[in-house]
Each structure stands twice: as structure tokens, then as C-alpha cells.
Amino acid sequence: MTTLSAGQTPYRLTRRAFLTAAGVSAAAAILAACGGSTATDTPKPAAGTTAPSAAAPTTAAPTTAAAATASTGSSPAAAASAAPSAAATSAVNAANPTASGAAAVQPKPGGTLVIRWWTGDPPDLDPYLNVTFRAQEFAGFFYSRLLKYNSGPGVGPNSFSPVPDLAEKYDVSKDGLTYTFTLRANAKWQNKPPMSGRAVTADDVVWSFNRFKQVSPNKNYFDIVKDVKATDPRTVVFTLNNAFAPFENSIAAPVLWIMPKEVIEADGDARKRVIGSGPWIFDKFDKGVQVVAKKNPDYYFAGTPYVDELDLLIIPTDATAIANLRAKQIDITGVSQSDRKALVASNPEIVMTDFPQNLLFFMYWRVGAPPFNDIRVRQAVSLALDRDELITVLYEGKGYINNTIPAGLESWWLDPRGADMGPSAKYYKRDVDAAKKLLADAGFAGGLKVPFISTQNAYGDTFNASIETVIKQMKDAGIQLNFQPQDYAAYIGSTFLGKFDPGTMVWGLETPFQEPHDYLFNMYHPKGVRNHAGVNDPKLTDMVEKQAVALDKGARKQMIFDIQRYTGEQQYYVIGPIGPTTIATQPWVKNFNYESDYARGGEYVPKIYLDGKK
Amino acid sequence: MQRYILRRLLLTIPALFGVTLIVSAMVRLLPGDAVTIMLGDYGQYAKDADDLRAKLGLSQPFQVQYVKWIGGIAHGDFGQSLRDRTPIAHELAIRLPVTFELGLLGLIVSLLIAIPLGVYSAVRQDTLSDYLARSAAIAMLAIPGFWLAILAITVPSIWPWHKWTPPLRYARLQDNPSANLKQMILPAIILGIGLSGSIMRLTRAQMLEVLRQDYIRTSRAKGLGERAVIYRHALRNAIVPIVTLLGLNMAVLISGTVVLESIFVLPGMGRYLLDSLNSRDYPAVQAVVLLFATVIIVFNLVVDLLYAWLDPRIRYS
């Protein structure tokens, strides 16, 4: 049996962060590369790269972009689809409205891009010392990673497909134990003392890795790594303890930023001077107001960023952001579904980009204790949950039916109501009579009364509304929930960690991970750090471990589909539906191809250009 | 008078001490701490969390943390933020002028609205104007500031002829007075409106009482102009309780800035307090509350001293 580390969980957005940022910072739109940008855009991996994902171009072929537009339409109203299954994917394609006609357009450099990026200040400017999402988002603009997530026309906002960044290529040994990264010859630190434009070297990578292991609260993240060595100034080799299929994703995740050694050795941390090798040069941070950045003229992806200056606004309230979007003071912001509707009516010129969130609303309990140790009770809860009603109530009818893997991770998601799901599909459609029968069979013919925990001061109005709806739906099936609201800090520090009375039901949000392994290992493996339900199923454990070492992506995908079928039957967690996140952009924002991870400031933002902004 | 002021100032010390002690204790009663928030989903690594708590001094007993903090205050050191280890005094120095300016402008606006309206309403008692003014006062009391603020931001942004919103990027008064006032005026008006309802009603009530006094009749009988009667004799005698109300409203004023700073994107103390509370940044919360408490106490002392100036019959000894 392969040994997996509990800490081996690729970087994730926190649920709270995702929700707060979803609209907002998510706003970070970005853009991109129209086909015409290919010449100056992200270099393609060097020939000889053996990793399949590394070979994927970062910009889609013009025909791909055009096809995406043609098939889904570019009007805002067409962007989201209520159909949960295949429509989820088409909605993702629709999320690239700027792909329309992008192929033949030459990006226009210059201008200032104004984005409502945050609702609050980045808590720390050193991303190793604070692992919360705003600190990582801040780092995404200024620091590089060896790999990054792909973005561009035809690339879904949740594709999370690793491609070379600071590394121009990388090779993976056949046994999956050794990853050799070759750094770009033209990669330089920004031209500020003490870095002064010197080359980024393999020693910088090793030094950054060692610092991460020393100081980061997330230091266990790289427990899978046995050793990191610089074999020459441009080559760094990672040796793993055992093969780990998601390792490329771990490297691409916004975690291992390549940090400026001289600065940190002089200052003790990276808080005073922000000097990276990324696309943007830090200019100023006015607390509570904005972060301003200038384009890095020496960026290794020559020609980008297209805009000269970034103005990342910190706006706490949605109403302020929406008003300024209407008044054309903001180019990009995230919007709630209710604001979206009003905006489409009042400002039809504003472009809406919708995409499924890779986020799980879910019901959990302790599966080792009654009544939830009885599979029939768990299945009854799933049958009682009216996912369609939740989509209607929470998302104006546009949403997606999540499986164990959320619909947002489109390539790994198995439609839980589709034919491929098999017999388990029935648990994802409401059937109150069947739920009552299962409860009766389990000895609860007179109904079930249980305590019910959730938190109402963290995830926003949409989540809060879901609590009320779920309580009503359970009641329909004879499940009486005695609601016990919990403050977020208490919830996250106890209930979320599985510390609650057995026999209690909990409704919560799971962290939006970027890799299916994170959902499977964290939630279903006995060593998982988010095994809230206390799942310990040897068969499932074996399935989870096997997919983690399956280096063939196709075979791994089938393994992950098998897991979704199996967990669909077991219902260790009852997974709810999810709606779209919407990003609103002004019509002059071009080449906007959103990517939803925290490092998007260095991914799609440099590819945005402005055309017609006054 | 000097002894009185000295005595009042000395009395502020135990008051402030009590406030900081209560706030320090209460903020720690909130579930979670700065480490819980900072680590978020990483909090399952108990050892890392404990290490971080030790590093930040949170593993020490409350009384030790408090004594250290209050000792620092005595030396002018507000301590460091738990979030990013920046000096809290630096944050306060940046943010206090923002809140002070907003509060002062709000106060001025409230007086400009409330006093004339209250006087007018009293002089025109039981006329249509009086009814309208009293209704306006009730509306000003009843309408939440945050709602008014959102309305004030949203409506101009959908005007068909000229879309407008207040500037988003805060400019300091000393750097760019024009830009600063453009950003400040709208929240100041909304803050002032919120305060003016109660002041207007009290002004009216006091004026009605004073206007029935014999000396007012005498003033008119000896041929004094109505304007002089109202403003020199009636209003001056009616204003002492209004000044008292201003002192009491200082807390309302401060709490109003918390919401308005968020909506109008002003980097003031209110937002800092909210952020600090949400991240359980104890030293920052304590410092802001200490500052707010000081402002309230000092303002009320000034109000007390104003009594003597407004009403020569009042003597402090």
C-alpha cells in the first residue's frame, strides 16, 4: 500500500475565501490572448518535454476559440446554463466571451486596468508567513512559480491544467519519482535592489523550497518531496518519496513561490520589499484602498503584460463595486447572482462571464455512530435533498449538480444523474417517498430528530439561504433538524474538524480544491485532514490510494469515476448543488479568459488588454 | 476650573483602564483566535497552531498579555498587529485623521441641519412646516445610515444623463483637499443626517420651552427684533442640553463611521476595527477601542466645559 502523507494536499482555496472572493476578487478577470497573441504570448514548452500537460499550449488554436464562441454564444444571458450535466461544460466554454473573434485581433498595449480585487486588505505581503487566500492572491501578481495554471481561449476557468512558468520545460521519470525542471534562460528578478535584475537560478528555487519548509504554516504540503537539488544554474530536481500523480498540480498551485533570497536575508521577511520575477512590479499598497502595480518590462513572457498599470481596488461592499462598475470607474468585478440580473437589465453592454464554482455544499455527520452508520439513513437524506429547488432558490435556476468531485472540475466530474453513474444516480434525484421508506427500513418509521449545525456568519447570504431550504426539505421527508447555529471561528475550529456530537447533522462548505485527489484523500481517506465524517472504508481507501499513483491520466480518470459511483451509493457525505460565479467586465476589456485559482494575477491578468477605454 | 479639569482628567485614567480591561477580556471570549483565522483550514495541524500562538504571545495567560500590553501603552507603544506584525501605532496614525475628519464633517452637517430646522419648527409650532420638519426628523432617526449610503451610491450610478459615484481612491486632505472633500462630503452628509434627527427634536423641544419664558416676553415687549430674541436669548438658553446630547452622540457618531467607511471605501479607524475584530487581532482591537474611548471621554469633558461658557451661571470649582 502506498503511503500518503496527511499533509500532501495540494493548495486549496478556503471555502470562506472562495465565497468572499468569488465575486469579488474573482473579478480578477483576465484576459487574453486572442489568437493573435500567440506570437507574443506564453511560450510553448520546449520540444522534448515529456510531461503530457506541459505540452499543452497556453493559448488555444484560433479555431478552438472561435468554436467555443460559436457553440455557446457570447451574450451574457447565454453564459450560464441551468442544465446540470453536460451543460456545465458548455457553460465553462461560455465563460470565455472574449474569445469571440479573438483569433484575428492584435492586442493593444497600454492603459490602466482597474479591478475590484479584494474586499479587505491582503493580511500579509509575505506569502510564506500567511497562507490565507488574500496573501496568496497578492503574491500571484509579483512572484513566479515553476509551473502555473493554463489560461486562455477555450481553457475553462477551473481547468487547473499545469503549464510551464518559470520553468521552460520539465521532465518526469518513468517511475514518477523524479521531476527535473529547466528554468528559462531569460528569467530575471525585477530590476530593484538588491535583486537588480539578476538571473533567477536553480539555487533560488532550492532556497525558496527550504524556506517554505521552515516557515510556512502549510509546511506539510510538500511532505511527498524527499529531496530538492540544483544540478546546474538552470536545473532543479525534485525527488519524491513515492509516485504522486497530482505532483505537477502541487507545483503549479499558488504555494511554492520563488522568493528573493537577498531581500529576505536582509530584512527577515518579504514584507518590506516586494521584488519577484513575475509579470508585475509592485508599486504601492494603500491599506484599505488599493494595490498598484506596473508592468514588468523584463518579464520572461515578452510582450506581456499588455496593460501598463494595474489598479487593484479594495472595496468591502458589493453595492459600491456595482455602482462604480455602472459608472465605468471599474473595469472588472465579481457580482452576485441577484446583482447580475439587475446589471444585465440596466447595463446590457457589460459582459458577464459565468462559470461553475469548484465548491461543495455538503451534509456530513459521523458515519461511525448511529443513526448515520446506517447507509439507508444517509441515502434517505440524499433522496430528501431537493437539489433542483436549491438551484432555483439560491441561483435563479442556474446551477450544477455536484458529485463527490464538483462540477467545476469539469474533466474529473462524473454527472451524478447521467447514465454513466449507474444505479447510484437515483440518490441525486429527490424522492421523498423512497426516503421515507428507507428511514422506515432503518427503524425510523416515525421520523428522525437530530441536532443540526451550520454557520451563518462566514459564507454569505446564499449559503445562509441554503440552510433554511435544507431544513424545510428534510422536514418533508420526516427528518426534523434542531438547528444549532455556530460562529464561524468555533465551527472551523471544532465541527469542521469532526469534533461534534455523534448523531448530529452538519451543513457546510468544502474547500474548493484544484485537484480531485484533494477531495478524495482529504474527505474519504482515514488520514485525510478533512475527513469530517470519519470515513474509514478499506475498499474506498484502496481506491483513493490507487488513483493517486496512477500516472496515466486516462486510467486515473476512470478510477476517479469509479470512486464517484461508489461514494454515490455510500453517501458518506450528501453533496448539494452549486451555482455559477459571475464576473462582470466592461466591453473594452479584451482577452478576458478567467482562471479561478489564487495565482490568477500572474496567469490571465497579464494577457488582458484594453480596447476603447476612455 | 483648573482643579476641575485636572480632576476630570485624572478620572479618565481609571475609566480608560476599565474600558481596556473589559474589552480585552471580552474580545477573548469570542470563539477562535488570530491563529485560528490565520491558519483557516490548516488549523488541523495542532502543533503548528500552538507554535504560532507561542510566537505571537497568545499562549500566555490573559493577565500576562494584558499587563504587557498596558505596560506598552504607558510607554507609548501600542504593540504590533497579530496579522502582519506591523506597528499598530503606525496604522492608527494613518487611519485616525480619516475618521476624525469624517466625524467632524458629520457633526458639522448634523448641526447645520438640526439647529435651524429645530428652531424653525419651534417658532412655527403646529403649522404645516412644523409637521414636515418633525416628520423629517423622524425619518432621519428611522432610516439606517447604511441603507441611505447604498442608495446614495447606487442612484447616481444609474442616472441616465450622467453616471457618477464618489471617488474610490482616498486622497489625504493635506495632499489633495479637493479630491478629499469630494470623497468625504457624501458620507459626511449621511452621517450628519443620522445624527440630526435627535438633535433637531431636542432643539425644538428646548426652544418651545424657552420661548414661553418670561424673559422672552420681556425681550419682545421692549422692542427687540425677533431674530435677536430667537438667536441671542432663546437659542443660547436652549442649547445647553443640546450640547449634552452632542457629547452623548459621540459614540453614535463613531459607530456610524464604521459602516460608512466600508461603503465609501475610506481607510479609517472603523474599517480597521472591523478587520481587526474579524481576524481576532486583540492588540489592534484594544488599541482602537482605547482611542475611541479616549475621544469620547475627552469630548464629553469639553462638553462639560462648554456649559460654563454657554451658561455663566454654571461654575466649576
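The largest nonpolar core of this predicted model has 156 residues, a core being a set of buried Ala, Val, Leu, Ile, Met, Phe, Trp, Tyr and Cys residues joined through side-chain atoms within 4.5 Å. Buried means under 20% relative accessible area (1.4 Å probe, protein chains only). Because the model is predicted, local features need pLDDT of at least 70 and side-chain atom pairs count only at pLDDT 80 or more, while totals for chains, interfaces and linings use all residues. Residues are numbered from 1 along each chain, chains are lettered from A, and side-chain values use heavy atoms, without hydrogens and water.

**Nonpolar cores**
- A:Phe238 and A:Met505 have the most contacts inside the largest core.
- Helix H5 (residues 202-215) of chain A supplies the largest share of this core, six residues; helices (H or I, at least four residues) and strands (E, at least two) are DSSP runs.
- A second, separate core of 83 residues includes B:Trp69, B:Met184, B:Val229 and B:Val285.
- Residues that A:Met505 touches include A:Trp365, A:Phe452 and A:Ile479, contact meaning heavy atoms within 4.5 Å.

**Helix packing in chain B**
- Helix H11 (residues 269-278) and helix H12 (residues 282-310) of chain B pack at an angle of about 145°, with their axes 9 Å apart.
- Among the residues that meet are B:Leu273 and B:Leu277 in H11(B), and B:Val285 and B:Phe292 in H12(B).

**Sheet in chain A**
- Five strands form an open, mixed sheet in the order E15-E14-E16-E13-E17; strands pair if DSSP finds at least two bridges between them.
- Strands E15 (479-486) and E17 (574-575) of chain A are the edges.
- Eight bridges join the parallel strands E14 (residues 448-455) and E15(A), and A:Leu448 has A:Ile479 as its bridge partner.

Methods: Buried < 20%, exposed > 50% of the residue type's maximum accessible area, 1.4 Å probe, protein only. Axes fitted to C-alpha atoms, helices over the stretch in contact; angles between N-to-C directions. Lists of a residue's contacts leave out its neighbours within four places in sequence.
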